[in-house]
Amino acid sequence: MRRLLFSSVAIAALAFGPAAHANTMIELQRFFGACDADYGKVTDVSAAVGECGIITALINKFEADNPGIDVNVTTVEWPGYDQLNAQLASGAAPDVVSMHYSAISDYQTRGLIEPIDPVLAAQGILPDSFTDAARNGVTKEEQMFGLPFDNWTMLFHVNLNLMKQAGLVNADGTPILPTSVEELVTQGKQFKEKTGKPYLVQILANETATYARILYTLLQQQNADFFADPLKITLNTPEAKTAVETMKRIKDEGLTTVGLDYPAAVSAFANGDGGIAVNGTWLIGDYVAQSEKSGTALSGGYTVYPVPQLFPGRDSTYSDGHSWVMPRKDRSPEQVEAIGKLFKFLAENDFQWARTGHLPAVKAVFDMEQFKSLPHRSNIAEIAQTGQSLPAAVQRQFAIQDIIGEEVGAAVNGDKSVEEALGSAESRINDLLANL
Amino acid sequence: MAESYRRSHWKNGLFVLPYLSVFVVLLVFPLAWGVWLSLHKVDLFGPGRFVGLNNYVRVLADPVFLQALRNSVVFVAFSVPTLVVLGLFLALALNRTTRATSFFRGLFFSSSVLSVTIVTLIWRFVFIPGDGLMAVLFEQVGLPPIGFLSTSGWSLFSVGVATVWWCLGLPMMLFLAALQQIPSDLYEAAALDNASPLRVLTRITLPSIARTIMLVAIIQIVMQFQLFGQAQLMTNGGPNGTSRPLVMYIYEVGFVRWDVGKAAAASEILFLIILCAAMAQYVIATRKPEASE
């Protein structure tokens, strides 16, 4: 009996022995979509395409390179902040979370995320290794509250095949893009007349972000300082009226797709249903991949440019960025070290992430030959100078974006007058900011 | 004997203690906490400050809340009668004991077991412009396409269609259960009197299940005032807030804008509306049937 007991204990010790050396677990929560069916086992990051594919392959590679660390990934629907809020409120926050630069202020002012300077310092990552735009996006009160990962903005994704058909291509093969609102309307009409298709493919349904980003861009191009006070927006201005009237005119003249939500707009452009998709940097990699396949609407005929300067004020476009933040919680030193290693890995592989189309957050990537040879990057390089975010002190930027999107959408679609929509947006946003 | 009864009396309460504990923890406490939150300026992450009835004043002065309230009332006013009439029609049609009716009962109830995500995904395939089923049908018959999910009026209608399809199973089953309780001799007597099918329906069937019809209507009123997932996933409340229901307003204010006190105040108003419907259900359910002549 005693022998049996000792044998059992010995077997149990052997069986559970490795538990004493259990892997360090990092709970990582992110958006960017789920694609485990295609990339769940992929560790060759260079073989991955698109945001989801590349981030999934990056995490797989990190785990393969660091056998003592497990990364448990939870994918949330974009942008995922409602879920994060519930997790923070219930004390069940993950270790690392993807977060837009524009959302960091909300969490930093409430002490919900931790400064990561010590984590970066322990791994030898220097703050000045990041671009100014990226570093400014995550820096609050002289501390970095997230690992900058990229900068992104809205772009003009161009179907050159249709633009050729419309006679809107220069002799050197580059597209003829507008330099003013009048040119945009003229070229849009010409495109529609020659191809029978709308000039722009826009996300005008079930979506608020695009309306807000385009409004911010058109306001910036008119030098409008609509957030002079971070607690008060000013939208009852001639500049805002001009911007929304421009957006409405594009729709009223039939120069854009209507009724498309985000996924429908992405596939509509890929199917050749319009000339220029107004969408983000993150789609460059996917559209390039489609243009390299034969038999698609984009075959051999895709390029991309920043949103053109339509107003004489200045060349500017609204930009934001993605980062990785650490919610405030108790962690073991091993976990903090593992997160540091993950951050170092992500920073060192920022080029791979830049293949999505996003602008790199790490300065050195801009000098890499591999990056310079990526398609169309020289077309959009100017965004590093022209990209502009909202003032960092503006809180609830996602809620503000929802209100602007809803009201501007109502004006564009004719449910409200432009003045009524701008007045309503201004009062709703100022009520929100007055009750933080 | 009387002494023994008195001594054992309080112990009888132990039988309801498990239920009472769950009731207090999951219903009474959250309700009281919600009232407390509605009187404070508070976010999700820490203590707030007492502001009295200010949150209620802000909610009632908010045009977005009033629009969401109107949307919810319109949605209930159209979806509930549709659910009652369609549920009753299906129950009448399937109140037979054949293999085909059993199959169709299962078929019509099957949509009820799907999650809201699947339901909205299916109906997005129907309503989405371009490649959606309705768009293709409209194109085939040469009609101009309608932006079902992006046009004022149509967006709430589309959410209503998906909701009726999803929720139809329960009313149908409740009506079937009620129909099977009607004594068959009533129908035999009607047949002997050579009563027409319409007369049988209006004089026997409907009066016999009148209380079930009220019950189904009130259950559906309570359920449809809580509309959320379908509207969020199909239309995101748009365009211009024309398909935003009350629960979505509460969600946005609480979780997106972090204004939990205001969201709690709106919740209490919704609670009062649903309480009125529940009270009506209670009154009707406990009303004694009229004495037969």
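The dialogue below takes up chain dimensions, helix packing, record annotations and backbone geometry.

Tutor: Please keep in mind throughout that this is a predicted model.

Student: How many helices and strands are there in chain A, and why is it called as compact as a globular protein of its length?

Tutor: Chain A holds 21 helices and 14 strands. Its radius of gyration is 24 Å, close to the 22 Å that the globule rule gives for 436 residues, so chain A is as compact as a globular protein of that length. Taken along the principal axes, the box filled by the C-alpha atoms of chain A is roughly 90 × 55 × 40 Å.

Student: How should I read the packing of two helices?

Tutor: Two packed helices are described by the angle between their axes and by the distance between those axes. In chain A, take helix α20 (residues 397–412) and helix α21 (residues 418–434), whose axes come within 8 Å and cross at roughly 165°. The two helices, α20(A) and α21(A), are therefore roughly antiparallel to each other, and their crossing is right-handed.

Student: Which residues of α20(A) and α21(A) meet?

Tutor: From α20(A) the residues include A:Ile400, A:Ile403, A:Ile404 and A:Glu407, and from α21(A) they include A:Ala421, A:Ala425, A:Arg428 and A:Ile429. By class, this contact of α20(A) with α21(A) has 12 nonpolar, one polar and two charged residues.

Student: At what angle do α4 and α14 of chain B pack?

Tutor: Helix α4 (residues 63–94) and helix α14 (residues 246–256) of chain B pack at about 150°, with their axes 8 Å apart. That angle makes α4(B) roughly antiparallel to α14(B). The contact is formed by B:Val64, B:Phe65, B:Ala68, B:Leu69 and B:Ser72 of α4(B) with B:Leu246, B:Met248 and B:Tyr249 of α14(B), and by class it has seven nonpolar, one polar and no charged residues.

Student: How do the axes of α4(B) and α9 of chain B cross?

Tutor: The axes of α4(B) and helix α9 (residues 169–179) of chain B come within 8 Å and cross at roughly 50°, which makes α4(B) oblique to α9(B). This crossing of α4(B) and α9(B) is right-handed. Among the residues that meet are B:Leu83, B:Gly87 and B:Leu94 in α4(B), and B:Pro171, B:Phe175 and B:Leu179 in α9(B); the contact divides into 11 nonpolar, one polar and no charged residues.

Student: Which residues of chain B does UniProt list for "transmembrane region"?

Tutor: The unreviewed UniProt entry lists residues 12–36, 73–94, 106–126, 154–179, 200–223 and 263–284 of chain B under that name. In the model, residues 263–284 of chain B are 100% helix and 0% strand, with end C-alpha atoms 32 Å apart, while residues 106–126 of chain B are 76% helix and 0% strand, with end C-alpha atoms 23 Å apart.

Student: How many residues of chain B are in contact with chain A?

Tutor: There are 19 residues of chain B in contact with 26 residues of chain A. The side of chain B that touches chain A has eight nonpolar, nine polar and two charged residues.

Student: Finally, what should I look for in the backbone itself?

Tutor: Most residues other than glycine have a negative phi, and most peptide bonds are trans. Here a cis peptide bond, with omega about -5°, joins A:Trp78 and A:Pro79, and A:Pro79 sits in the loop between β2 (69–75) and α4 (81–89) of chain A. A:Glu142, although not a glycine, has a positive phi of about 65°, and A:Glu142 lies in the loop between β4 (139–140) and β5 (143–144) of chain A.

Note on methods
Residues are numbered from 1 along each chain as its sequence is written. Chains are lettered from A and ligands numbered from 1 in the order in which they are written. This is a predicted model: local features need pLDDT of at least 70, side-chain atom pairs count only at pLDDT 80 or more; totals for chains, interfaces and linings use all residues. Axes are lines fitted to C-alpha atoms, for helices over the stretch in contact, and angles run from 0 to 180 degrees between N-to-C directions. Helices (H or I, at least four residues) and strands (E, at least two) are DSSP runs, numbered from the N terminus. Angles under 35 degrees count as roughly parallel, over 145 as roughly antiparallel, 65 to 115 as roughly perpendicular and the rest as oblique. A crossing is left-handed if the near helix is turned anticlockwise from the far one by less than a right angle, and right-handed if clockwise. Two residues are in contact if their C-beta atoms, placed from the backbone, lie within 7 Å. Ala, Val, Leu, Ile, Met, Phe, Trp, Tyr, Cys and Pro count as nonpolar, Asp, Glu, Lys and Arg as charged, and the others, Gly among them, as polar. UniProt positions are given in the numbering used here, feature names are shortened, and annotations may be inferred rather than shown by experiment. The radius of gyration is taken over C-alpha atoms; the globule rule is 2.2 Å times the number of residues to the power 0.38.
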